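Please keep the sequence and the structure in view while reading.

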Amino acid sequence: MIIVVANSKGGVGKSTLAVHLAAWLHAQGHRVSLADCDTQQSSSEWIREACPGVVAVRLDNPDAILNELPLLDQETDYVVADGPGSQTETSRALLLRADLAIVPCKASMLEVRALAKATEVLRQAQDIRSGVPKAVIVLSMIGRNYRLTQDMKDAATSLNLPLAHTSMVLRQIYADAPGQGAVVGSLGARAKEAASEVDQLFREILPDACKSRSAKFSREKRFAATRK
Ligand SMILES: Nc1ncnc2c1ncn2[C@@H]1O[C@H](COP(=O)(O)OP(=O)(O)OP(=O)(O)O)[C@@H](O)[C@H]1O
Ligand SMILES: [Mg+2]
């Protein structure tokens with residue numbers, strides 16, 4: 001499965017989400033690769049330190065993305081692609097290959113309104129590929145006591161994009177994590193809330209990827225096989 005973290009707006013939390021997702025999928029027992037498609041190439045360095053078990057690859061042009069993503073997809077269970085903040089052609093190549101797009105968005109009306117523009121390439125890809133990639137918006141860097149206003153819900157609905165129930169709260173620990181070469185899940189007690197938030201978010205978005213779920217599924221399959 002190829003999952004792209006995409007929003008053509010810069011600084012909305014794409015790399016933070018992509019690195020945490022790759023590390024979470026690895027912790028669930030999957031083979032994971034992270035395709036760093038941003039020219040800044042910060043997420044590949046970060047994941048190498050934070051979770052060396054994830055295969056980190058830099059793909060910095062549309063041809064490399066179109067050619068290499070399917071190969072990575074064959075070699076690993078999940079490919080997480082960290083998209084760029086601008087470069088439309090790179091985003092287009094990613095969205096033409098992805099099965100799922102996660103769209104982080106800062107939680108303000110201005111940002112949500114800008115989403116129509118920021119997700120234009122996504123809609124083109126969905127149009128060409130009959131609805132693929134599926135997409136979900138994740139609100140990022142929200143205030144602790146933030147309440148989603150009806151305006152924002154309406155704006156997301158009008159774009160025909162579902163909104164994840166779980167959001168990523170604005171917390172210093174997320175900003176500190178790359179400097180420590182770590183993800184919040186390995187930063188101990190002070191990152192407890194952030195760690196449980198990302199766990200909850202990824203369980204919500206990818207229920208079939210959960211360790212407990214996969215174990216239960218294989219138990220059920222074994223049980224069914226013994227009854228045949
Ligand atoms: N939930 C959060 N709480 C606090 N800081 C955050 C959070 N998410 C991201 N940040 C910080 O905000 C900045 C931008 O985040 P990030 O680099 O993940 O965004 P991006 O969308 O990948 O940016 P770009 O478009 O430049 O690649 C970084 O300094 C990051 O550490
Ligand atoms: Mg980035």
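Strand β1, formed by residues 2-5, pairs with strand β4, residues 78-82, in the parallel sense, and four bridges join the two. Within this pairing, Ile 3 has Val 80 of β4 as its bridge partner. The model is a predicted one, and the values given here should be read accordingly.

This pair belongs to a wider arrangement. In general, the strands of a sheet pair through backbone hydrogen bonds, in either a parallel or an antiparallel manner. Here the sheet is open and has seven strands, which follow the order β3-β2-β4-β1-β5-β6-β7 with parallel pairing. Its edges are formed by β3 and β7 (168-169), each of which pairs on one side only.

At the β3 edge, strand β2 (residues 32-36) pairs with strand β3 (residues 55-58), again in the parallel sense and over four bridges. Leu 34 stands opposite Ala 56 of β3.

Is Ser 44 buried or exposed? Its relative accessible area is 0%, and Ser 44 is therefore buried, the limit for that class being under 20%. A polar atom of the Ser 44 side chain lies 3.4 Å from the backbone oxygen of Gln 41.

The ligand may now be considered. Ligand 1 is surrounded by 16 residues, and the closest are Lys 14, Ser 15, Thr 16, Asp 38 and Val 169. Several polar contacts can be described individually. An N or O atom in the side chain of Lys 14 lies 2.9 Å from an oxygen atom of ligand 1. For Ser 15, a polar backbone atom is 2.9 Å from an oxygen atom of the ligand. Val 12 likewise contributes through its backbone, with an N or O atom 3.0 Å from a ligand oxygen. Taken alone, ligand 1 exposes 630 Å², of which the protein buries 77%.

Which elements give two or more residues to the shell around ligand 1? They are α1 (14-27) and α8 (172-176). The largest contribution comes from α1, which gives three residues. By residue class, the shell divides into six nonpolar, seven polar and three charged residues.

Notes: Residues numbered from 1 in each chain as written. Chains lettered and ligands numbered in written order. Predicted model: local features only at pLDDT ≥ 70, side-chain atom pairs only at ≥ 80, totals over all residues. Heavy atoms only, no water. Pairing = 2+ DSSP bridges. Near = heavy atom within 4 Å. Polar contact = N/O pair within 3.5 Å; in protein donor to acceptor, adjacent residues only side chain to side chain. Areas by Shrake-Rupley, 256 points an atom, 1.4 Å probe, with all protein chains shown as cover. Nonpolar A, V, L, I, M, F, W, Y, C, P; charged D, E, K, R; others polar. Buried < 20%, exposed > 50% of the residue type's maximum accessible area, 1.4 Å probe, protein only.
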